[in-house]
Amino acid sequence: MVIIEVHLAPGKKSFELSEEIIAETKAQVMTHAEAAGVGFEGLPPPPAGREVRYVAVRDTDSRWILNSLEANPDVGSFKMHNVD
């Protein structure tokens, strides 16, 4: 499993993954608090004044998510974290 840390573009409050991607990958999009609540306490806190979301997905499906994020104008940057 991987967690993709998604930093939203300035002024953006959310981003969308398509229904198809969610259905096919079973990806879960969470805030920092939601991620910590389901056991991902070690994630870095969001920088002050920036919106960050975390996407949990199987490693085998991560490329699909990353391609979607690259094309999304609401996304400023992202980092992938491997989870054991």
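Residues are numbered from 1 along each chain as its sequence is written, and side-chain values use heavy atoms, with hydrogens and water left out. Because the model is predicted, local features need pLDDT of at least 70 and side-chain atom pairs count only at pLDDT 80 or more, whereas totals for chains, interfaces and linings use all residues.

The strands are considered first. Helices (H or I, at least four residues) and strands (E, at least two) are DSSP runs, numbered from the N terminus, and two strands are said to pair if DSSP finds at least two bridges between them. Under these terms, 4 strands form an open sheet in the order S2-S3-S1-S4, and their pairing is antiparallel. Strand S2 (28-30) and S4 lie at the edges, each pairing on one side only. From one strand to the next the twist averages 20 degrees, where axes are lines fitted to C-alpha atoms (for helices over the stretch in contact) and angles run from 0 to 180 degrees between N-to-C directions. In general, strands of a sheet pair through backbone hydrogen bonds, either parallel or antiparallel.

Strand S3 (residues 52-57) is joined to S1 by 6 bridges, and the two run antiparallel. Along this pairing, glutamate 5 stands opposite tyrosine 54 in S3, while isoleucine 3 has alanine 56 of S3 as its bridge partner. S3 also pairs with S2, again in the antiparallel sense, over 3 bridges, and here valine 29 stands opposite valine 55 of S3.

S3 is mostly covered, since 6 of its 6 residues are buried, a term that means under 20% relative accessible area, with exposed meaning over 50% and partly exposed in between (1.4 Å probe, protein chains only). In a regular strand the side chains alternate between the two faces of the sheet. Both faces of S3 are covered, with Val52, Tyr54 and Ala56 buried on one side and Arg53, Val55 and Val57 buried on the other.

In helix H3, the buried residues are Ser62, Ile65, Leu66, Ser68 and Leu69. These residues lie on the same side of H3 because they cover an arc of only 160 degrees around the axis, the arc being that of the directions from the helix axis to the C-beta atoms. The buried residues of H3 pack against S1, H1, S3 and S4, with contact taken as heavy atoms within 4.5 Å.

The charged side chains complete the description. A salt bridge is defined as a side-chain nitrogen of Lys or Arg within 4 Å of a carboxyl oxygen of Asp or Glu, and the count by this rule comes to 4 salt bridges. One of them joins aspartate 74 and lysine 12, with 3.4 Å from N to O. This pair links distant parts of the chain, 62 residues apart: aspartate 74 is in the loop between helix H3 (62-70) and strand S4 (75-82), and lysine 12 is in the loop between strand S1 (2-8) and helix H1 (19-25). Aspartate 74 is partly exposed at 22% relative accessible area, and lysine 12 is partly exposed at 35%.

Arginine 58 and aspartate 61 also meet in a salt bridge, at 2.5 Å from N to O. Arginine 58 is partly exposed at 42% relative accessibility, whereas aspartate 61 is buried at 14%.
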